[in-house]
Amino acid sequence: MTANIEYVVFDLGGVLIELDGPPVSTLDSNLSEQQVWQQWLDSTAVRRFESGACSPVEFAQSLIDEFCLNQTPETFLQYFEMWPKGVYPGADQLLITLGQRVRLACLSNTNQLHWKRFSTTNGLFEHFDQVFASFQTGHMKPDSKAFEHALSELDVGAGEILFLDDNIANIESARATGMCAELTRGPIEAALHLKRYGLL
């Protein structure tokens, strides 16, 4: 690759943070894992919560209604808060090494519960020069405004940004803005892409 990359921008869940299966237990939802993921991506409750427009309890009750779950909001939130298992092995070292060569940022659809948990339990966010959390910015991927907002804040050309995400819709949206973008699942795949771009 000959691209002149100034910033590498990471999605979090599925790239640097390991998720514990689907966001809603298939045992409770009576849907397949693929159906759960699709309904999650289309969910009004998820969009409101991860754009900072409602409280955790409001989100939980709305999601329970959408998925027809036999749970209380409190029970669901206990499960949901622990859905991200933790930082993938090797992710921290990858960021340390990469941060010596380029600037780093994250662009993530996330919420106040998960953000608080990871900001207080490990130093993951300390590796980033810029962070773009959907519940803080109000912009969610794959909406073009999420990428346009990041571009305006990073203050580099779109072609100087490499974006890594595990969702093809987000990759396509990033590419539409002119960013370099690669579908990535976990730090091992991230490292392979970074080597192709001459960044590792």
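Author: A pocket, on a 1 Å grid over the protein atoms alone, is an open set of points with protein on both sides within 12 Å along at least five of seven lines, and its lining residues have an atom within 4 Å of a point. The model here is predicted, so local features need pLDDT of at least 70, side-chain atom pairs count only at pLDDT 80 or more, and totals for chains, interfaces and linings use all residues. Residues are numbered from 1 along each chain as its sequence is written, and side-chain values use heavy atoms, with hydrogens and water left out.

Reader: Which residues lie nearest the centre of the largest pocket, and how many line it?

Author: The largest pocket has 37 lining residues, and W37, W40, L41, D166 and N167 are nearest its centre. Its volume is about 920 Å³, where a volume is the space filled by probe spheres set on the grid points, joined across faces, edges and corners.

Reader: What makes α2 oblique to α4?

Author: The axes of α2 and helix α4 (residues 56-67) cross at roughly 130° and come within 12 Å. Angles under 35 degrees count as roughly parallel, over 145 as roughly antiparallel, 65 to 115 as roughly perpendicular and the rest as oblique. That is why α2 is oblique to α4. Helices here are DSSP runs (H or I, at least four residues), strands are runs of E (at least two), and both are numbered from the N terminus. Axes are lines fitted to C-alpha atoms, for helices over the stretch in contact, with angles from 0 to 180 degrees between N-to-C directions.

Reader: Which residues make that contact between α2 and α4?

Author: V36, Q39 and W40 of α2 meet F59, L63, E66 and F67 of α4, contact meaning heavy atoms within 4.5 Å.

Reader: And why are α5 and α7 called oblique?

Author: Helix α5 (residues 73-81) and α7 have axes that cross at roughly 45° and come within 10 Å. The two helices are therefore oblique to each other. Their contact involves L77, F80 and E81 of α5 with L113, H114 and R117 of α7.

Reader: What makes something a cavity rather than a pocket?

Author: A cavity is a set of points where a 1.4 Å probe fits but cannot get out. By this rule there is one cavity of 30 Å³ or more, and the largest cavity holds about 30 Å³ of space.

Reader: Which residues line the largest cavity?

Author: The lining is formed by L107, F132, A133, S134, T137, H139, A146, H149 and A150. Helix α9 gives the most, with three residues.
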